[in-house]
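Here is a short briefing to read alongside the structure. Take a moment to look it over, and then follow the topics below.

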Amino acid sequence: MFDLLLMLSRYVFLFYIVLFLWQGIVYIAYEQGGYLGSPYRAISIQRSLIVLMHVTAFLILAYNRETHLFGMQPLVFGAVSFVFLLAAVALLDRFYYEGCPLVWTGMLFLMDLSLIMLQRLSPALAQRQLLWMGIGLAGMLVLPFFFRLIPRFEVFEWAYIILCYGLLICTRFFGVEKGGSTNWLAFGPESFRITFQPSEIAKFLFIFYLASVFRKRLNWRSFFTTGILSAGLVLLLVLQKDLGGALIFFMTYMVMLYIATSNELLFLLGMGAASGAAMLAYKLFSHVRVRVAAWQNPWADIDFGGYQIVNALFAITTWGVFGSGLTKGMPKSIPVVESDMIFAAVCEEFGAAFGAGVIAIFIMLLYRGVRIALDCGRRYYAILAAGVTAMLSFQAFLILGGSIKLIPLTGVTLPFVSYGGSSVLVSLMMMGLLQWVCVYCEQHNRQEIEQEPILNGAEGGGFDE
Amino acid sequence: MNNMKRSIRRIFWLLALCFFLLLGYLGKLTLVDRQTISGNAYNTRLRYGDDTIRRGEIMDRDGEVIARSIPADGSGYNREYPRSRMAAHITGYSSVGKTGVEAAENFELMTLHNELFQRLGGILKKDELIGNSVKLTVDMDIQSAAGNLLGSAKGAVVVMEPSTGRVLALQAYPDFDPNKVAAQWENLKDHEDSPLLNRGTQGIYPPGSTFKTVTALAGIEYLPDWQTFTVECTGEAVFEDKIIHCYKNRAHGLVDMKGAMEGSCNCYFAALAQKIGAGKLAKTMERVGMKESCGFELAYTPNTVLLDSDSTESELVETAIGQGRTGVTPLYMAMLASAIANEGLMMRPYIVDHVVYPDGGMGKTTVPKKLTQICTPEEAAILKEMMVGVVENGTGGAASVSGVTVAGKTGTAENATGNDHSWFIGFAPAEEPKVAIAVLLENANDGNASAIAGKVLRAALEEMGE
């Protein structure tokens with residue numbers, strides 16, 4: 001009987017995500033002037049859908065086939081995370097009153113999916129993930145106060161980049177190895193050890209740095225300094241074998257440069273240089289060649305190099321469009337499933353159609369992020385918002401594409417969904433930043449603060465000249 | 001500011017495009033590539049469901065079951081192969097890993113049709129969960145005829161339908177008992193005769209004189225005067241640093257192409273190849289699909305083709321008579337014979353005809369597919385005429401079937417492993433070919449491949465309603 005309910009639950013989950021996306025469309029349509037339904041109702045339906053998904057999933061996860069009883073641990077965890085979700089909805093609404101509600105619901109949907117999937121894969125990790133989400137939420141709530149306190153935080157551009165370098169270089173001395181890269185720091189006693197990736201924090205600072213530099217009209221000197229400093233960061237990441245991180249930093253730089261200068265030639269030149277660098281990296285580093293070979297033909301080397309990607313493909317394709325049903329698949333056969341490969345696990349148990357829905361939610365978030373950047377009157381904030389959106393989207397693309405073999409696999413996390421303390425924390429903070437830009441612009445739109453880009457040196461607090 | 005907004009919009013479209021690519025690729029994975037990927041033998045997810053789903057059956061063309069699952073004592077199922085060794089290299093086994101059709105159609109055999117209803121029935125009425133069955137193109141009567149004739153001689157027989165590429169029989173010896181693979185595993189896997197190797201699709205052999213069909217084709221294509229080109233055969237000829245002998249040094253006298261084909265004259269074809277040149281012969285070898293992957297469902301080894309325009313003359317003349325370093329599978333030679341029979345059109349060989357649902361409904365059906373056009377219909381007709389001559393007046397007499405015109409070509413391949421291999425490729429009836437065949441006997445020395453081919457052809461023609 002339970003098996004039958006499980007089979008039906010696959011359609012239920014698909015229904016949830018489809019309705020969720022449809023309500024997103026209803027909301028966006030209203031903003032664009034069309035009317036498909038009340039936008040307020042759309043958002044409250046979306047919230048109810050997250051709650052429903054949460055309840056359905058945790059009931060399935062808690063059920064014990066042998067004893068026909070519900071397990072205590074999953075129920076308690078489900079309840080705790082349920083409270084967390086409700087609290088997040090209420091608090092975020094309050095602290096970011098004029099923020100975009102669609103961004104919140106999209107983000108919460110993904111976070112809930114993360115908790116469900118991690119509870120299914122490894123309850124201990126799910127608990128840690130919830131803890132980090134709690135910390136991230138607290139950080140998000142503090143963010144608006146922080147920004148109000150220091151209204152012109154763009155003047156700290158040098159501080160940002162120096163901190164970036166500091167964070168990346170310190171792993172060379174204090175770093176511990178994990179998953180083939182030595183870009184982790186570890187704290188605390190052995191019993192409750194916290195490891196985190198400084199490069200995640202550096203991402204945040206890097207966007208601040210670039211936005212601070214690019215808010216002014218670029219002269220050649222500052223163009224070269226930022227270029228060289230950014231290239232240095234990318235190079236550091238490559239040396240730490242964090243290829244995904246290096247790509248994300250590079251793309252963020254290119255995107256923000258392009259937005260600031262609107263110069264297609266520079267963008268294309270940069271891409272060309274990147275291709276050249278990629279070719280060079282392919283020739284120089286054996287681990288790059290291994291990755292590319294595993295992408296080109298994982299079937300040739302199933303036992304070793306292609307093992308991870310081949311198992312991910314098995315997971316995605318075996319059960320078809322509707323998936324195996326929660327708990328019925330074998331996601332644990334995929335190496336690093338809880339962080340890098342979580343999308344394959346989602347596709348396996350919820351189905352590829354649900355996976356497509358997850359991609360669509362990312363598209364929705366991307367659209368909202370870009371909308372916020374476009375609606376923003378102040379150049380600095382517009383660049384910040386665009387940078388945050390592009391970085392998160394590109395990161396999502398990298399790992400989604402990697403796990404379905406569209407592009408070579410690089411070990412980065414899927415924002416909001418993958419397990420990873422520093423990743424969740426930083427992703428949430430970035431969303432907070434994005435929403436804060438939204439709030440700021442809503443509040444200042446009437447005052448028509450249209451700050452034209454200011455000529456070099458005039459606003460930079462004397463650092464530039 | 002407006003410039004910036006335009007740039008932001010562009011970046012949005014760029015990233016959105018990336019995400020749409022993801023959607024498209026995910027769709028392709030799950031809708032188009034699903035079966036090929038998840039059917040892979042490494043996929044533990046399919047083995048995982050083994051004991052709750054009753055694996056589907058494998059049937060021959062007439063519906064005879066050659067692999068089925070029987071409920072075991074307690075829970076789960078045992079796999080049973082009623083024809084045991086007779087179809088071993090077709091069914092393969094499903095115990096210590098999977099091979100043959102068991103591996104190729106693993107996905108279908110474990111897939112529940114109308115899954116929701118089956119599961120409902122399983123819960124409400126305790127019905128069994130039954131996977132899809134597959135119906136093959138193989139005819140067990142031809143298959144057993146071939147098996148009995150091959151007996152315990154090492155070799156392979158491949159029978160095909162030229163117009164479609166259907167494999168009617170695929171017999172190879174040494175073989176194994178698929179019912180006992182798990183029990184005899186230690187012995188089977190390291191046995192010096194490699195009984196688990198399907199010699200029909202995975203064995204690579206020098207083609208010997210059967211390759212002369214290809215050399216002749218190159219001559220017809222590239223030499224305008226091939227009809228008047230003759231050679232005075234003395235039983236041996238010298239090329240560069242290589243002496244070519246005819247079989248048992250027999251002199252054929254003055255021969256043209258037809259005569260040389262019938263008598264299988266090495267000197268003639270070596271001289272012909274010398275005139276054609278290595279580059280052009282290599283091109284013809286490519287055109288007849290020797291380098292192409294044939295896309296057969298069961299595991300196969302690609303042919304070894306090493307001749308190119310830089311090859312030496314010795315290499316060229318050796319290749320022309322099917323010696324040297326060229327290596328082919330019996331499956332390919334059957335495809336070549338089929339293509340000549342089918343007016344030069346080579347079809348993709350296939351062995352799974354369609355999927356059968358547990359309720360008897362018909363599932364996915366394989367559609368015959370063109371592989372390549374190896375030559376024009378006129379050229380194919382010329383080759384056919386010569387091959388008829390081989391059986392009627394030449395070395396292939398043993399392959400003749402009373403009342404039917406058989407076209408064929410014999411071969412004797414010298415090799416490093418011992419006595420010569422014996423080959424026969426051909427088809428019948430020559431006027432309207434229904435069956436094509438390739439027979440290979442390892443280290444047989446005498447020409448009994450032709451005799452086996454004749455008898456298998458007769459059995460096959462009877463089965464095919466001739």
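Glu264(A) sits in helix 10 of chain A, which covers residues 264-284. Please keep in mind that this is a predicted model. The notes start with that glutamate and then turn to helix packing.

**Around Glu264(A)**
- Glu264(A) is partly exposed, and its relative accessible area is 31%.
- Apart from neighbours within four places in sequence, Glu264(A) touches Tyr258(A), Arg6(B) and Arg10(B).
- With Arg10(B) there is a polar contact, side chain to side chain, at 2.3 Å.

**Helix 1 with helix 2, chain A**
- Helix 1 (residues 2-31) of chain A packs against helix 2 (residues 39-62) of chain A at about 160 degrees, and their axes lie 9 Å apart.
- Because of that angle, helix 1 of chain A is roughly antiparallel to helix 2 of chain A.
- The crossing of these two helices is left-handed.
- Residues making the contact include Phe2(A), Phe13(A) and Tyr30(A) from helix 1 of chain A, and Pro39(A), Leu49(A) and Ile60(A) from helix 2 of chain A.
- By class, this contact counts 19 nonpolar residues, five polar and no charged ones.

**Helix 9 with helix 15, chain A**
- Helix 9 (residues 243-261) of chain A and helix 15 (residues 379-403) of chain A have axes 9 Å apart and pack at about 145 degrees.
- Their crossing is right-handed.
- Among the residues in contact are Gly244(A), Met251(A) and Ala260(A) of helix 9 of chain A, with Arg379(A), Gly387(A) and Leu398(A) of helix 15 of chain A.
- The contact of helix 9 with helix 15 of chain A comprises 13 nonpolar, four polar and one charged residue.

Technical notes: Residues are numbered from 1 along each chain as its sequence is written. Chains are lettered from A and ligands numbered from 1 in the order in which they are written. This is a predicted model: local features need pLDDT of at least 70, side-chain atom pairs count only at pLDDT 80 or more; totals for chains, interfaces and linings use all residues. Side-chain values use heavy atoms; hydrogens and water are left out. Axes are lines fitted to C-alpha atoms, for helices over the stretch in contact, and angles run from 0 to 180 degrees between N-to-C directions. Helices (H or I, at least four residues) and strands (E, at least two) are DSSP runs, numbered from the N terminus. Angles under 35 degrees count as roughly parallel, over 145 as roughly antiparallel, 65 to 115 as roughly perpendicular and the rest as oblique. A crossing is left-handed if the near helix is turned anticlockwise from the far one by less than a right angle, and right-handed if clockwise. Contact means heavy atoms within 4.5 Å. Ala, Val, Leu, Ile, Met, Phe, Trp, Tyr, Cys and Pro count as nonpolar, Asp, Glu, Lys and Arg as charged, and the others, Gly among them, as polar. Buried means under 20% relative accessible area, exposed over 50%, partly exposed in between (1.4 Å probe, protein chains only). A polar contact is a pair of N or O atoms within 3.5 Å; within protein, one must be able to donate a hydrogen and the other to accept it, and residues adjacent in sequence count only if both atoms are side-chain atoms.
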